[in-house]
Amino acid sequence: MPDTDYQQLQEFNLPGSLDIRPSEGNLPSVTVKTDPCIATQYLHGAHVTHWQPADHEPVLFTSAEAVYRDGKAIRGGVPICFPWFNAHPTDPDAPAHGLVRASTWQLTQTAQGPAGVETQMVTNLPTLHANYRATFGKQLTLNLTVTNTSDTDQTFEAALHTYLAVGDVKQVFIAGLENADYIDQLQDNKLCTQDDQPLTFTAETDRIYVDNQATCTLTDPTLNRQITIEKLGSLSTVVWNPWVDKSARTADFGDDEWTGMCCIESANIGDDAVRLAPGESHTLLVRVSVTPI
Ligand code: BG6
């Protein structure tokens, strides 16, 4: 990014708590350093890559192999999948998970709010405007508000694709999805129902829980903590771990990194996609918190 653009971004600095600087790949990022937490958010994809509340290990996983450049999504943190999830429904050449996770967003506001340092970034597609507000405090709160700027109805999918750092994925369990229906992306999108037990990981896992607004709590006995994901405006929850083979096939992901992560994604996918009338808005909110056990 040219120096002049950096100079303009400096107006968003909050002395003593937030500054804007070139980070990995020389991409501009917001760095938050406060008593409640430290955090990093790139303008590239509005991507939060790091959030570490005081007295905790980092809560988000970001791959050591992540690539930081225009046109490529950062592997880890919280990619924003929008306006479609996975492959485009009709265009096989379109990128997976939409258009905005690999392009630069505009930083429009920073502030010290009651719950922590706040940022706002925006981006525009031909018919949709996306406004992303993040609050970095003892909790991490992410709000994706999408507005239909066209004069016809618009339908979109979205996911806040949260990569969580775990001590050992084979030891963790997720409460909140017991007895819930899900599409198994590893069984030709077969509709299945989870049993009445918390979810554990014993193999590659790639599920879209449908019509589901549940709060999920991940218990991590290795790191002695629980991570809670609360959400609003989201009817789909994706749980993903690539396990051994898919990790090996994924270039920007270490072969062994699957043991230290899993994704719990708050989303609106397929039948749960959002339809907006002209001028209408929809907000997807995710709140991440961590407690010792
Ligand atoms: C998950 C999908 O949300 O994202 C998986 O359910 C996919 O199927 C994963 O493999 C990672 O996607 P990508 O495009 O970031 O490699």
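Trainee: Where is His47 found?

Mentor: Please keep in mind that this is a predicted model. His47 lies in the loop between strand S3 (37-42) and strand S4 (48-53).

Trainee: Is His47 buried or exposed?

Mentor: A residue is called buried when its relative accessible area is under 20%. His47 has 0% relative accessibility, so His47 counts as buried.

Trainee: What does the side chain of His47 reach?

Mentor: The side chain of His47 reaches the backbone oxygen of Gly76 at 2.6 Å. Setting aside residues up to four places away in sequence, His47 touches several others, including Thr40, Tyr42, Ile74 and Pro79.

Trainee: Which strand holds Thr219, and is Thr219 buried or exposed?

Mentor: Thr219 belongs to strand S18 (residues 216-220). Thr219 is buried, because its relative accessible area is 9%, where the cut-off is under 20%. The side chains of Thr219 and Gln226 are joined by a polar contact of 3.0 Å. Beyond its neighbours within four places in sequence, Thr219 is in contact with residues among them Phe173, Arg225 and Ile293.

Trainee: How many helices and strands are there in the protein?

Mentor: The protein has 2 helices and 23 strands. Its radius of gyration is 18 Å, close to the 19 Å that the globule rule gives for 293 residues, so the protein is as compact as a globular protein of that length. Of these 293 residues, 54% count as buried.

Trainee: How many positive and negative side chains does the protein have?

Mentor: There are 17 positive and 37 negative side chains, and the centres of the two sets lie 2 Å apart.

Definitions and conventions
Residues are numbered from 1 along each chain as its sequence is written. This is a predicted model: local features need pLDDT of at least 70, side-chain atom pairs count only at pLDDT 80 or more; totals for chains, interfaces and linings use all residues. Side-chain values use heavy atoms; hydrogens and water are left out. Helices (H or I, at least four residues) and strands (E, at least two) are DSSP runs, numbered from the N terminus. Buried means under 20% relative accessible area, exposed over 50%, partly exposed in between (1.4 Å probe, protein chains only). A polar contact is a pair of N or O atoms within 3.5 Å; within protein, one must be able to donate a hydrogen and the other to accept it, and residues adjacent in sequence count only if both atoms are side-chain atoms. Contact means heavy atoms within 4.5 Å. The radius of gyration is taken over C-alpha atoms; the globule rule is 2.2 Å times the number of residues to the power 0.38. Lys and Arg count as positive and Asp and Glu as negative; His and the chain ends are not counted. The place of a charge is taken as NZ of Lys, CZ of Arg, CG of Asp or CD of Glu.
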